[in-house]
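Here is a walk through a predicted model. Follow how its parts meet.

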Amino acid sequence: MMTKQDLLDCHKRIAPFVHKTAILTSRLVDKEVGAQVFFKCENFQRAGAYKMRGATNAILQLSEEQKKSGVVTHSSGNFAQALSLAAQSVGVTAHIVMPSTAPEVKKVGVREYGGKIYECEPTVQARQAFADEIGLKTGATFVHPSNDINVILGQGTAALELLKKQPDLDFIFCPVGGGGLIAGSALAASYFGNNCKVYGAEPFEADDAYRSLQSGKIESNETTNTIADGLKTMLGDKNFPIIKELVSGIVRITEDEIVAAMKLVWERMKIIIEPSSAVTVAAVLKQSKEQPEVFQNKKIGIIISGGNVDLSNLPF
């Protein structure tokens, strides 16, 4: 298990390369939830998402020899952009395998940050096979978007910053896709929180993490028909043990609930969040209605994971 010191060292290491993002509040949301809600706005992060944290830490931990050969990953968008920008920041080549269905806005971001895009079929198997092939050809080091110890530590620094500002949080909610963010957040909560429980949020249409916690083993999805494009990936063998041990539960959300939460934040808070972030907001709203006594007068942290939205393809 990664230690408290590992997380502190990581935070210090990546500090020159990432933003310490704002923490926002909304009286309207507080009233609706019946609690104080603190939004950690990683939609304001470089490359538009929290993934810049893990990508930067992973690249800074490479040897000089590895840096010369570059890095390779597969991603539908946010990690693709993050790894491209992190690599560009330290002069490393980034090879990015993206599914053909990835939003155009995310492909544009990757190109702007100097990443080399390779498109493939939108399956986990196709993505991994293509990334492996590029690694063999170029000698590039594979960096997994979520199932990598250095990435998990980097992602955990968002919750670390939130807890340093709000050490008495009762809950932290974050989205679950590949599991890197929730694993890192759970580590941060266990080391820096005061009995702070961590909950995940994911769509019914891609609820593999919910089912994995139920069964005790990593489950997969038959279909991933959700607008939360960042949450279609599976958990991994490095993050799942952390999730199993430290995460209190996962709330599942409908597509309509995702859209409603996204609209609420855009309209009331005047900030742009992507559907994957809206899943988490929706989970807090849902729980506050179903079990109002649990949240009553509590303090809740929400990790707003990103704001990379394809404006030509909005769900409302």
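Domain bounds here come from an automatic or database domain assignment. On that basis the protein chain splits into domain 1 (4-49 + 149-304) and domain 2 (52-142). Their C-alpha centres are 24 Å apart. Contact between them (heavy atoms within 4.5 Å) involves 25 residues of domain 1 and 20 residues of domain 2.

Two conventions apply throughout. Residues are numbered from 1 along each chain as its sequence is written, and side-chain values use heavy atoms, with hydrogens and water left out. In this predicted model, local features need pLDDT of at least 70 and side-chain atom pairs count only at pLDDT 80 or more, while totals for chains, interfaces and linings use all residues.

Now the interface. Buried area is the accessible area (1.4 Å probe) that two parts lose on being put together, summed over both. Between domain 1 and domain 2 it is about 1,900 Å². Carbon and sulfur atoms give 55% of that area.

Next, the charged pairs. A salt bridge puts a side-chain nitrogen of Lys or Arg within 4 Å of a carboxyl oxygen of Asp or Glu. The rule finds 4 salt bridges across the interface of domain 1 and domain 2. The side chains of K106 and E274 also form a salt bridge, at 3.3 Å from N to O.

Which helix gives the most to the side of domain 1 that touches domain 2? Helices are DSSP runs (H or I, at least four residues), numbered from the N terminus. α1 (4-14) and α8 (149-165) each supply at least two residues of that side. α8 gives the most, with 8 residues.
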